[in-house]
Amino acid sequence: MRSKRNKTIDFSLKEASPELLNQILQPNNSDLHAVQDKIINGDSFKVMNNLALQQVDLALIDPPYNLNKQYDGLNFKKMSTSQYQAYTQKWIDLLKPLLKSNASIYVFSDWATSIALAPVLEQNFTIQNRITWQREKGRGSQKNWKNGMEDIWFLTVNANNYTFNVNQVKQRRQVVAPYRQDGMAKDWQSTKNGNFRDTMPSNFWDDISIPYWSMPENTGHPTQKPEKLLAKIILASSNPNDFIFDPFAGSGSSLVTAAKLNRHYLGIEQSMLYCVWGQYRLNQVKDNQTIQGYTDGVFWERNTLAAQRKFQRHK
Ligand SMILES: C[S@@+](CC[C@H](N)C(=O)[O-])C[C@H]1O[C@@H](n2cnc3c(N)ncnc32)[C@H](O)[C@@H]1O
């Protein structure tokens, strides 16, 4: 029997209400030109051709990595490096016309996929950075190091003209050895709940765990990204009311996070089941805009939920 604390969204299509199913757009019977704040159930390689040009401020691309992987309705097979590069170039060619001239693009991958990906990304965009996300979960191996990280490539269309709101993505850290100068706290705040410093965000992210079963954002999707991670990207690289596009939307994590942060969004996903899980989450946003780990306008270290709650209560 499932634990009461298990909040995973994993209902079947049969259990989905007709209203929920009707919220998902089907590309054949919809005018997709100016569509916003929706999930489209279809193949991105076909749908992207029908979208309005130059409307996207931020593209979040979480494609199938170059691994054998089962997604609902899709059995993705590992390709040769050159085949994966051709696959990548194909979605880039469809994406480029949709981007504004000052748009940013983030592409997710694992280290092995990155070897194929990087040269293609470099030919098409300016690579601004490669973020390392230190994930906790990963399968152990007897013959190799367990994979404990993912790459997130930060790209822009224009090398110099792009949005980057560094002050909106500071990381709040507990100060272990508080330093005082003339009796005054130096670069940190002393509060009833402890000593904290808000630090500049780096390209090494060790404060974000993957969604797990007791978190309300968790779904049955096999490779779901956490809202906290997407919030960092969205806050840094877009502004309120901007348009965020995700052509491999999965369980809708990027769309939900965009909605919580008052951005417009559009997602495409081949699986109707993942689409309805995403839409179910989107329908809850009006009642709950919290993003676990992002409180008081800053990102908190892992395992600080109690401190965050205390902080909110004493404000
Ligand atoms: C890595 S997952 C994305 C997970 C997503 N970021 C999340 O947080 O749930 C890739 C997704 O792309 C979808 N997909 C793969 N090829 C597609 C295509 N051609 N068109 C639309 N969706 C596709 C898969 O079904 C899968 O859900």
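This briefing describes the fold, the ligand shell, the sheets and selected residues of the structure above.

The structure is a predicted model, in which local features need pLDDT of at least 70 and side-chain atom pairs count only at pLDDT 80 or more, while totals for chains, interfaces and linings use all residues. Residues are numbered from 1 along each chain as its sequence is written. The chain has eight helices and 17 strands; helices (H or I, at least four residues) and strands (E, at least two) are DSSP runs numbered from the N terminus. The chain's radius of gyration is 20 Å, close to the 20 Å that the globule rule gives for 315 residues, so the chain is as compact as a globular protein of that length. That radius is taken over C-alpha atoms, and the globule rule is 2.2 Å times the number of residues to the power 0.38.

**Overall fold**

- Taken along the principal axes, the C-alpha atoms of the chain fill a box of roughly 70 × 50 × 50 Å.
- Of the 315 residues, 36% count as buried. A residue is buried if 20 or more other C-beta atoms lie within 10 Å of its own, exposed if 12 or fewer, and partly exposed in between, with C-beta atoms placed from the backbone.
- Among contacts in the chain with a separation of 6 or more, 70% come from residues 24 or more positions apart. Two residues are in contact if their C-beta atoms, placed from the backbone, lie within 7 Å.

**Ligand shell**

- Of the 20 residues around the ligand, S44, Y71, F248, G250 and S253 come nearest. A residue is near a molecule if its C-beta atom, placed from the backbone, lies within 6 Å of it.
- At least two residues of the shell are supplied by each of α2 (44–47) and β15 (264–269).
- The shell divides into seven nonpolar, nine polar and four charged residues. Ala, Val, Leu, Ile, Met, Phe, Trp, Tyr, Cys and Pro count as nonpolar, Asp, Glu, Lys and Arg as charged, and the others, Gly among them, as polar.

**The five-stranded open sheet**

- Five strands form an open sheet of mixed pairing, in the order β11-β12-β8-β17-β16. Its edge strands, each pairing on one side only, are β11 (189–191) and β16 (294–295).
- Two strands pair if DSSP finds at least two bridges between them.
- Strand β8 (residues 171–174) runs antiparallel to strand β12 (residues 194–199), and four bridges join them. R173 has R197 of β12 as its bridge partner, and Q174 has F196 of β12.
- With strand β17 (residues 298–300), β8 pairs in the parallel sense over two bridges. Here R172 stands opposite W300 in β17.

- Strand β7 (residues 149–156) is mostly covered, with six of its eight residues buried.
- Strand β6 (residues 126–134) pairs with β7 in the antiparallel sense over eight bridges, and the bridge partner of R130 in β7 is W153.
- Six bridges join β5 to β7, and these strands run antiparallel. S104 stands opposite T156 in β7.
- A103 has its place in strand β5 (residues 99–109). A103 is buried because 28 other C-beta atoms lie within 10 Å.
- Leaving aside neighbours within four places in sequence, A103 is in contact with V56, D57, L58, A59 and V157.

- In soluble globular proteins, nonpolar side chains tend to be buried together.
- The largest nonpolar core has 62 residues, and those with the most contacts inside it are A59, Y106, V107 and I234. Such a core is a set of buried Ala, Val, Leu, Ile, Met, Phe, Trp, Tyr and Cys residues joined through C-beta atoms within 7 Å.
- Helix α5 (residues 227–237) is mostly covered, as ten of its eleven residues are buried. The buried residues of α5 include E227, K228 and K232, as well as I234.
- Leaving aside neighbours within four places in sequence, I234 is in contact with L58, I244, T257, A258, L261 and R263.

**Loop residues with positive phi**

- D37 lies in the loop between α1 (18–22) and β1 (38–41). Its phi is near 55 degrees, a positive value in a residue other than glycine. D37 is partly exposed, with 14 other C-beta atoms within 10 Å.
- N262 is placed in the loop between α6 (253–260) and β15. Phi of N262 is near 60 degrees, again a positive value in a residue other than glycine. N262 counts as exposed because it has 12 C-beta neighbours inside 10 Å.
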